[in-house]
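Here is a friendly walk through a model of a two-chain assembly. Please keep the viewer open while you read.

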Amino acid sequence: MTSTDLTGTESATLSASSAWTYAPAPESRDVVQVRSSYGLFIDGEFVEPGDGEVFKTVNPATEEVLAEVAEAGQDDIDRAVAAARRAYDEVWGPMSGRERAKYLYRIARIVQERARELAVLETLDNGKPIKESRDVDVPLAAAWFFHYAGWADKLDHAGFGPDPRPLGVAGQVIPWNFPLLMASWKLAPALAAGNTCVLKPAETTPLSALLLAEICQQADLPPGVVNVVTGAGETGRALVSHDDVDKVAFTGSTAVGREIRRAVAGTRKRLTLELGGKAANVVFDDAPLDQAVEGIVNGIFFNQGHVCCAGSRLLAQESIAEPLLDKLKTRLGTLRLGDPLDKNTDIGAINSAEQLQRITELVSSGEQEGAERWQPACDLPERGWWFPPTVFTDVSQSHRIAQEEIFGPVLSVLTFRTPDEAVVKANNTPYGLSAGVWTEKGSRILMMAQRLRAGVVWANTFNRFDPASPFGGYKESGFGREGGRQGLGAYLDV
Amino acid sequence: MTTLLPSLPDLRTEPVSDAALRRLLHGLPGVDEVGAEQRAAALASRSIKRDAKLWALDLAIRVTDLTTLEGSDTSGKVRALCAKAIRPDPTDPETPSVAAVCVYPDMVPTAVEHTRGSDVRVASVATAFPSGRAALDVKLADTRSAVAAGAHEIDMVIDRGAFLSGRYGQVAEEIVAVKEACGDAHLKVILETGELSTLDNVRRASWLALAAGADFIKTSTGKVSPASTLPVILVMLQAVRDAADATGRRVGVKAAGGIRTAKDAIRYLVVVHETAGPEWLTPELFRIGASSLLNDLLMQREKQRTGRYAGPDHFTID
């Protein structure tokens, strides 16, 4: 291609100028020491599991084994719950809120000080791009501890009446998509309210929770206040069904959520569940288009779409659907997929072979059911688990890809004609975790927020989180709220 | 490609009423400031290393309009600026020249004389720069005198007062008239985004200038704070990209004011690269107006080439 330069002669400038490729800019993995094996964190110490079982955790970008991790059995869960009970009865329960706050502030500060280490470890274990672990996961984790540290001595003023009491021992089971952040969402409010915790991270991403356990040690948190037991489904089952657990909190799939609810039915245990989602991201014809495109990208391709509140259904007003998709496709062409440790990577690795298989299966069902698949030109690395950003058009409500949670970088595009139709389609899902609304009209934002059956409605943005803002679902997305004053209610006897 | 945008009238041939222009400009998709700022911040966090950085530093030099716009400017000052523009680093003949020198109209003859035989263009501000507060015939005379003295490029200012009071027709007519007065000289239209205040206004003013025939749209005079910012340049780049999609005509963008470090300059190049596209990474379609920036670019370039930082006294101050 040529362009006319200022002297009026034709010059071939584009071939030279299009040569700008960003050189690799990897974050150093030496900032974190990954040990070859990890024990369980019980009663303030790292200990070997009773029966000596271990499992491997793998870097999803390379399939390299990162470490061997202890698998907690029933005896280990008994020990961890007993330690948490003792700490609750003897230390943490009787402690004043102001004293508890000191520990939480200390943890928050150490998370900040060791941010780079935590970010690299999270990226190694999870596969998410370093820019996300560095700019989102770790800063938010610190922010959660800071926020709830501030509440610890103000529970009287949280709107639950005078002197609200903690519940006791909390058994907390978290997913693999935001391992450190979910640990913080669970631990910070529980500890601020005066509970003690036994936390089970996901089996594919245990390392950052174990580093957080080390940070608890470093902060001199009294032994037993936080315990981390690693393992898979069996470990989680043993924890949530343990007789001496007073409160169960779970984030993960709706199927497992159901199982947990059955397990705690008829017991004294309190339960909060944060489950799946199939959020609608509704773009009206008067939306700020360039920002809406960014919001769509951030809604579904953030963290490879491994986000329970991902904007996996784009509802575009028909009058703008075509140009909006043109802009979106152009933008997706600039996404950079590859080495998650590279600071310029936008799309990292899929967390596990199992998840990749699920995404692949749902995507082929989309094609079989007649939706149109589009992917930008995108080279996938040879090793590791990867899936290119994918957009489905011509999607109908009845397609599986419009109904089931894919939990991957796959967007289903549907259209609507009127605001009423948008509301009906957005709500026509068993889930109800989040939704997005894009319009320059303020009154329409309020109208939509009122009518959408979703725990979070973002207006002209998507996937933004703040510790002061409650988060949680309607319908099969679960119940209970995390974050803010409301998040305290999940850990108080109210 | 379908476009959401209203068709762009050619205001050079079809004058349009204020009311019609208002419908056109206010019918453009809005700009969400929070979202635009987040996008600009995300692009600013790109990490440009090694070869990519060296390439960017050379490009940044090649797109620089080396500028002096002071009441205290003299022939001596402008002569020195021209020498620097042609050969920014006398110790390394491989260093590219800058795109242009940018001066006040009365300094154009000096600049033309001292850039003769080089590829460095001479740009002149005109139209009662920086405020633009003069009658149209004064602005046109200002423009013609700069062109007659040999300026290749004219940097005009829009009438921000007229724009803010909704007299879009007047703004457009002035751009059309100045463009005509430019003859063969290229016209850069300064929006003075610091005075337009909102990103919606930045997009509207960009469209107005595009429709009126600007060859470049430029952020600022450098005399108003804030001058160029990443969110502003992002919105202007989206405007020229949308216009190119709609009309096939590529218009340039110039960021001016407040860009002092190589790091800043590279951030701008990243925003250009990932917003308008790689086609815009050329002096024909992107410029940075700056003065002190050049020495930092040279210093970083030296560092990339040799692995060592040289002290500031190893780079000439002109």
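Which residues of helix H2 (residues 74-92) of chain A are buried? They are A:Asp76, A:Ile77, A:Arg79, A:Ala80, A:Val81, A:Ala83, A:Ala84, A:Ala87, A:Tyr88 and A:Trp92. Buried here says that 20 or more other C-beta atoms lie within 10 Å of the residue's own, while exposed stands for 12 or fewer and partly exposed for what lies in between, with C-beta atoms placed from the backbone. These buried residues of H2(A) pack against strand S4 (40-42), strand S8 (169-173), strand S9 (196-200), strand S10 (226-228) and helix H8 (233-240) of chain A. Helices (H or I, at least four residues) and strands (E, at least two) are DSSP runs, numbered from the N terminus.

A word on the conventions: this is a predicted model, in which local features need pLDDT of at least 70, side-chain atom pairs count only at pLDDT 80 or more, and totals for chains, interfaces and linings use all residues. Residues are numbered from 1 along each chain as its sequence is written, and chains are lettered from A and ligands numbered from 1 in the order in which they are written.

**Chain A overall**

The mean pLDDT (the predictor's confidence in each residue, from 0 to 100) of chain A is 95, and 96% of its residues reach 70 or more. Over residues 1-17, however, the pLDDT is below 50, and this stretch has 22 contacts in the model beyond near neighbours in sequence. A contact is a pair of residues whose C-beta atoms, placed from the backbone, lie within 7 Å.

Chain A has 16 helices and 20 strands. Its radius of gyration, 23 Å, is close to the 23 Å that the globule rule gives for 494 residues, so chain A is as compact as a globular protein of that length. That radius is taken over C-alpha atoms, and the rule is 2.2 Å times the number of residues to the power 0.38. Of the 494 residues, 57% count as buried.

One open sheet of chain A has 3 strands in the order S3-S7-S6, with mixed pairing; strands pair if DSSP finds at least two bridges between them. Strand S3 (37-38) and strand S6 (54-59) stand at the edges with a single partner strand each, so one side of each is left without a neighbour in the sheet. In the antiparallel pair of S6(A) and strand S7 (residues 64-70) of chain A, A:Asn59 stands opposite A:Glu64.

**A buried strand in chain B**

All 5 of the 5 residues of strand S3 (residues 121-125) of chain B are buried, so this strand is largely enclosed by the rest of the structure. B:Arg121, B:Ala123 and B:Val125 cover one side, and B:Val122 and B:Ser124 the other. The strand pairs of chain B that involve S3(B) are listed here.

| Strand pair | Bridges | Sense |
|---|---|---|
| S2(B) (residues 100-103) and S3(B) | 4 bridges | parallel |
| S3(B) and S4(B) (residues 153-157) | 3 bridges | parallel |

The bridge partner of B:Cys102 is B:Ala123, and that of B:Ser124 is B:Ile154.

**Where the chains meet**

30 residues of chain A are in contact with 34 residues of chain B. H10(A) gives the most to the chain A side, with 5 residues. That side divides into 11 nonpolar, 11 polar and 8 charged residues, where Ala, Val, Leu, Ile, Met, Phe, Trp, Tyr, Cys and Pro count as nonpolar, Asp, Glu, Lys and Arg as charged, and the others, Gly among them, as polar.

Note on methods:
Two residues are in contact if their C-beta atoms, placed from the backbone, lie within 7 Å.
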